[in-house]
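User: I've just opened this one and I'm new to it. Could you walk me through it?

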Amino acid sequence: MTPVVFYILAAICLAGALGVVMTRNVVYAALLLLLALLGVAGLYLVLLAEFLALVQVLIYGGAIIIVALFVIMLTKQEEFQAMRDNPQWPLAALAAIAVFVILFLSMREGSPFASERGSLGFAELGDTLFAQWAVPFEVASLVLLVALIGAIVIAREGGEEE
């Protein structure tokens with residue numbers, strides 16, 4: 001049963017990711033990104049990583065998508081029209097095909113279901129996260145805060161001063 005669930009969730013992730021890069025509407029792209037992130041959370045559940053699935057839904061599926069939607073709403077329409085088409089899309093398509101080929105070849109080498117799986121308890125995970133990885137965790141939160149402040153400054157640039 002696990003391979004069937006894995007392939008269904010992988011198809012959901014792939015459909016969401018393809019929808020993100022193929023749609024012309026940025027609001028639909030954000031919602032399709034949410035679909036892809038929820039698919040990844042499901043994959044974490046298949047891998048018995050409940051904490052990562054919870055973080056995926058709460059942080060990425062909730063907070064990051066909301067921030068992305070706010071940035072979309074704060075972007076001026078004139079600036080958005082200038083950013084629509086990127087002349088570097090052939091290079092991006094080539095890179096995407098290369099990554100797909102590498103991942104497909106590595107997937108053919110071995111099955112992800114061949115090894116024995118086990119769940120890591122919340123106590124061990126919390127100890128590892130906040131003892132060994134506390135500094136990178138805080139740096140990541142600061143980077144997200146700076147990105148949010150930068151988005152607000154860029155959106156307000158050229159606006160009326162209060």
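Predicted model: local features only at pLDDT ≥ 70, side-chain atom pairs only at ≥ 80, totals over all residues.

User: Which helix gives the most to the lining of the second largest pocket?

Analyst: That pocket holds about 710 Å³ of space. It is lined by 22 residues, and the closest to its centre are Ile59, Tyr60, Phe137, Ala140 and Leu144. Two or more lining residues come from each of helix H3 (50–74), helix H6 (122–132) and helix H7 (134–156). The top contributor, with 10 residues, is H3.

User: What about the protein overall: how many helices are there?

Analyst: Reading from the N terminus, the elements go α-α-α-α-α-α-α. There are 0 strands, and the number of helices is 7.

User: What share of the residues count as buried?

Analyst: A residue needs a relative accessible area under 20% to be called buried. The protein exposes about 12300 Å², with carbon and sulfur atoms supplying 73% of that. Out of 162 residues, the buried share is 12%.

User: Is Thr23 buried, partly exposed or exposed?

Analyst: Thr23 sits in the loop between helix H1 (2–22) and helix H2 (26–46). Leaving aside neighbours within four places in sequence, it touches Tyr28, Ala29 and Leu32. Buried means under 20% and exposed means over 50%. Thr23 has a relative accessible area of 27%, so it is partly exposed.

User: How far is the backbone nitrogen of Asn25 from a polar atom of the Thr23 side chain?

Analyst: Polar contacts are counted for N or O atoms within 3.5 Å. The Asn25 nitrogen and the polar atom of the Thr23 side chain are separated by 3.4 Å.

User: The structure holds aromatic pairs; what kind do Phe100 and Phe104 form?

Analyst: There are 3 aromatic pairs in the structure. One of them, Phe6 with Tyr7, is edge-to-face, at 5.4 Å centre to centre and 70 degrees between the planes. For Phe100 and Phe104 the centres are 6.2 Å apart with 20 degrees between the planes. Planes under 30 degrees apart count as stacked, and the Phe100 and Phe104 pair is stacked.

Note on methods. Residues numbered from 1 in each chain as written. Heavy atoms only, no water. Helix = DSSP H or I, 4+ residues; strand = E, 2+ residues; numbered from the N terminus. Buried < 20%, exposed > 50% of the residue type's maximum accessible area, 1.4 Å probe, protein only. Areas by Shrake-Rupley, 256 points an atom, 1.4 Å probe, with all protein chains shown as cover. Contact = heavy atoms within 4.5 Å. Polar contact = N/O pair within 3.5 Å; in protein donor to acceptor, adjacent residues only side chain to side chain. Phe/Tyr/Trp six-rings, centres within 6.5 Å; stacked < 30°, edge-to-face > 60°. 1 Å grid on protein atoms, 1.4 Å probe; cavity = no way out; pocket = protein on both sides within 12 Å on 5 of 7 lines; lining within 4 Å. Points joined across faces, edges and corners; volume = space filled by probe spheres on them.
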